[in-house]
Amino acid sequence: METELTAFVRRVFACSPQAAEAIAARAGERVYAAREVLLRQGESCSQTWLVMAGRAQALVYGAEGQLVMLQDFGPGDLFGAVAQLETGPCEADVVAVEQLWALLFLALDFVRLIETDGAVGLAVSRMLLRQLRAATGRIVERTTLTAAGRAYAELLRLATSDETGRRVIAPAPVLSALAVRINATRETVSRAVSVLERRGIVAREDGVMVIVAPGRLEELIV
């Protein structure tokens, strides 16, 4: 009978139940507390993480001492040595944003799985391509958009549809965390969100932020 773990692995890698069992057998399940550091910048890394639930971020300090988010990892994302398919020092700290459940592999074991199963190799290629596109998109935004524009773009990215079809962010974003995501100061983000609230473009209701006018918000992304 298929377990919840092997079912998750099968969905992520689009592989056979037999392959999913083999992958799960090579991994250890780990739970990390919110704000726990999983990897430290500059340290050697020889492991691969597959996020099952929760979120983590790759963070570095900028030239002026501000935290900058390089990558955001959610369910189905990989990080660790798999990024270069070999062991080596970490480019950034990786920190659990909230409680995080993950599968942990030895990187060499994970590479062997990629080499021996075409479906797994294709799935990993797609995962890494998706993460590369997301990182490239953030670099482009930091180059071409104002800080306020980046804040508005990130709010739209974070929003999902609720049962009534409204675009909401639940829970409402923490402004300091939003600032880290877009490489801006908290004060800049606070001013940008205040403008939206005054214009009725966003509203706060029962701990969530409602995007009242998504089209108007998109027009402000400059």
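## The largest pocket

Helix H6 (175-182) gives the largest share of the lining of the largest pocket, 4 residues. The model you are looking at is predicted, so local features need pLDDT of at least 70 and side-chain atom pairs count only at pLDDT 80 or more, while totals for chains, interfaces and linings use all residues. Residues are numbered from 1 along each chain as its sequence is written, and side-chain values use heavy atoms, with hydrogens and water left out.

The pocket has a volume of about 650 Å³. Of its 23 lining residues, the closest to the centre are Gln57, Val97, Glu98, Ala177 and Arg181. Besides H6, at least two lining residues each come from strands S5 (56-61), S6 (67-73), S9 (93-96) and S12 (167-169). By class, the lining holds 16 nonpolar, 2 polar and 5 charged residues. Here Ala, Val, Leu, Ile, Met, Phe, Trp, Tyr, Cys and Pro count as nonpolar, Asp, Glu, Lys and Arg as charged, and the others, Gly among them, as polar.

## What counts as a pocket or a cavity

On a 1 Å grid over the protein atoms alone, a pocket is an open set of points with protein on both sides within 12 Å along at least five of seven lines; in a cavity, a 1.4 Å probe fits but cannot get out, and lining residues have an atom within 4 Å of a point. Helices (H or I, at least four residues) and strands (E, at least two) are DSSP runs, numbered from the N terminus.

## The cavity

A search of the whole structure turns up 1 cavity of 30 Å³ or more, and the largest cavity holds about 30 Å³ of space. Its lining is made of Arg138, Glu141, Arg142, Arg150, Glu154, Arg157, Arg181 and Ile182. That makes 7 charged residues, 1 nonpolar and no polar.

## Strand S9 and its partners

Strand S9 runs antiparallel to S5, joined by 4 bridges, and antiparallel to S2 (residues 37-39), joined by 2 bridges; strands pair if DSSP finds at least two bridges between them. Val95 in S9 is the bridge partner of Gln57 and also of Val37.

## Cysteines

The whole structure has 0 disulfides, a disulfide being a pair of cysteine sulfur atoms within 2.5 Å. For Cys90, the nearest cysteine sulfur, that of Cys45, is 4.3 Å away. Cys90 is buried (under 20% relative accessible area, with exposed over 50% and partly exposed in between, for a 1.4 Å probe and protein chains only), at 10%.

Technical notes. Grid points are joined across faces, edges and corners, and a volume is the space filled by probe spheres set on the points.
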